[in-house]
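Please open the model in your viewer and keep the selection panel at hand. The stops below are meant to be followed in order.

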Amino acid sequence: MGKHLKSSVSVLSGIGETRKKAFEKIGIETLKDLLYHIPRAYQNRGNVKQLKDALDGEIAAFSLCIVSPPKNAILKNRLTLTKLRASDESGTVDVVFFNQPFLKDVFTLGAEFRFWGKLTYQNKKWQLISPEFESIIPGKLLPDFIPVYHLTEGLSGKQISKAVSQALSLCLPEIEDSLPQEIRKKNALPTLSFSLQNIHFPESAESLNRAINRLAYEELFYFSLGLHIIKKNQAVTKAIPCQTHSLKPLLSLLEYELTAAQKRVVNEIISDMTSRENKLSPMNRILIGDVGSGKTICAACAIYTAVKSDLQSAFLVPTEVLARQHYNDLSELFAGLGIKTALLLGSTSASEKKKIYSSLSSDGQDRIDLIIGTHALLNEKVSFSNLGLLITDEQHRFGVKQRAVLKERNEGVHTLVMSATPIPRTLAFALYGDLDISCIDEMPVGRQRVDTFLVDESYRTRLNAFIRRQIEEGGQVYIICPSIEEENDNSEIPINELTKAPTRSTEDKLKNVIEYEKNLQEEVFPDLKTAFLHGRLKPSEKESIMKSFADGDINILVSTTVIEVGINVPNASLMIIENSERFGLSQLHQLRGRVGRGNRKSYCILVSDSKGAVAKSRLEIMKNTYDGYKIAEKDLELRGPGDFFASLCDSSIRQSGGLSLRFSSLCTSAELMKNAFEDANSIIKSDPFLLKEEHKALSKEIDHLFNLNENTIS
């Protein structure tokens, strides 16, 4: 790594101690951190509008000539007002600035500027209030796309942009491109220097896409290489031995027979736990299955096998609501078999925790066989007498290091992680190359189908009537919105919309959770109980709302996709997804899986006003397809792997060292992903530990990204 990349941001001009601390708040300490602080969106200032074509309140770019000299005036509140007039071929506008008297000398009569701001009509005049501006100089091109960054108090977009520009000037000449040249040529990828320059200050939309493709490929390539090397480097740990026991006593308690897929998966799990032939290492398996496919009973079979082998089991769950749900189901199932089950939550009383800690570490008859809990299980006070099996549900909600805590304290423990997100098999093997994979690809007999309909805004009155009817019949309703609050600025183009086919026009208005729920409660259903849920709420607030909904105290829950996984409300019979064209197919399928979990006939309504043929065809797939794996394959084909990686990045499934899959979430090409994984596999075959001279830089990068020398991956 070049010397400047490691340097503190304080080496840049204009960054003193105060601003340095502001940068640290958003995770930026070094110049390398700054270069990888990618824009969240762009202002398309290259799309210049004439004044006559803009709407009142629209934020846009305008190329204007100064037609009256600026004048300064002191207002009553002692603010300085600077006012001038500017025009294009279609009209004239008043341009106003506050407390910037020096601008009087900037705007000379006849000079041309590109302004960016909100055009408003006030007092029978068009106005631009405090717009941003750039001088138009013949022969000098202005950039079309201006980056918009995540900010914090004490940092403006201009300050970040200026700092990035300085960092690029210092660092680009010394950047070492660790991606082998032959791989870059094979995949027509630009250099790392070009990519970092163009992701911040793109020369064009094409340059931005080339930059993102390069950075996404690089992440996927490094990711695959790292997993291969981790697997080869893993020390052989002697597994805690389990004995084979008949599962009949457990299965006889069920009111149904396992599906063929469940039987296959159970056999794979039990074989891992009990097989000793040429196998010293413990089970390290992921179980992937659609919502309602019956993963929990497969886990129960593993628990039963562990307990019959005189071993304890720990079941790690992301939320208290889900932990209670699993506890209620499994404690009832295991009670008749003499298996002692306990529940450990953050909210568990101190006295009860003390009892649980004692019973977990006991060798006596009071020993707990199965502990189900949240992050509270990771507390250092938790110690086991003889832990043999660790199960993690909704595993994407835990980081690598979190999941490793219990394994590190209990050497040789068998591990089963579970995911309710069906993903294409090719992608599963690439993502979970360090785990053995089991897939439940068959739904239990009798699992009801959730009827799915596609409607537009013209159905709103009928839709509200349907909501009321569902509630009057005793059901509950989910309503999903794509945003939390109203979008005030529709002018910024999110980075993912510059890399994917647009899913909406600038005229589309996204439904937002807060405004929607308020309207329902005050205007539409004042007699019903509504609530909203989103990711910015405190964990305790989210837990409380979900518990109230699960208990039936809330009729309508308006939420973002935070409810996508993990909660079982059998009474919920209607799922409404607003702006449904904004979601990936797999995400829509997961949301649909939140209803139809009880005996009530259930429905999913996709609401979309999108006129695009692609969006309509995607939503038609949802109407007619119910197989999660087929939907995932179609999603990968239509949108690329970006949506899958976005969820992984958000949940920290693979975050370790410097690898966080931030660019992979923007990847739209399944072929790019496939090439990255195949290229990594090819290199590993020829040089398993990257010892060749030509792979020296590559080896150094992988060591750094995966902290291989620090042994933080388990």
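The model is predicted; local features need pLDDT of at least 70 and side-chain atom pairs count only at pLDDT 80 or more, while totals for chains, interfaces and linings use all residues. Residues are numbered from 1 along each chain as its sequence is written, and side-chain values use heavy atoms, with hydrogens and water left out.

**The pocket.** Select Tyr256, Gly294, Thr296, Asp329 and Asn568, which of the 40 lining residues lie nearest the centre of the second largest pocket. A pocket is an open set of points on a 1 Å grid over the protein atoms alone, where a 1.4 Å probe fits, with protein on both sides within 12 Å along at least five of seven lines; lining residues have an atom within 4 Å of a point. The volume of this second largest pocket is about 1400 Å³, taken as the space filled by probe spheres set on the points. Its lining comprises 16 nonpolar, 14 polar and 10 charged residues.

**The helices.** H11 gives the largest share, seven residues.

**Their crossing.** For the contact (heavy atoms within 4.5 Å), select Thr296, Ile297, Ala300 and Ile303 of H10 with His326, Leu330, Leu333 and Phe334 of H11. These contact residues divide into six nonpolar, two polar and no charged.

Conventions
Helices (H or I, at least four residues) and strands (E, at least two) are DSSP runs, numbered from the N terminus. Ala, Val, Leu, Ile, Met, Phe, Trp, Tyr, Cys and Pro count as nonpolar, Asp, Glu, Lys and Arg as charged, and the others, Gly among them, as polar.
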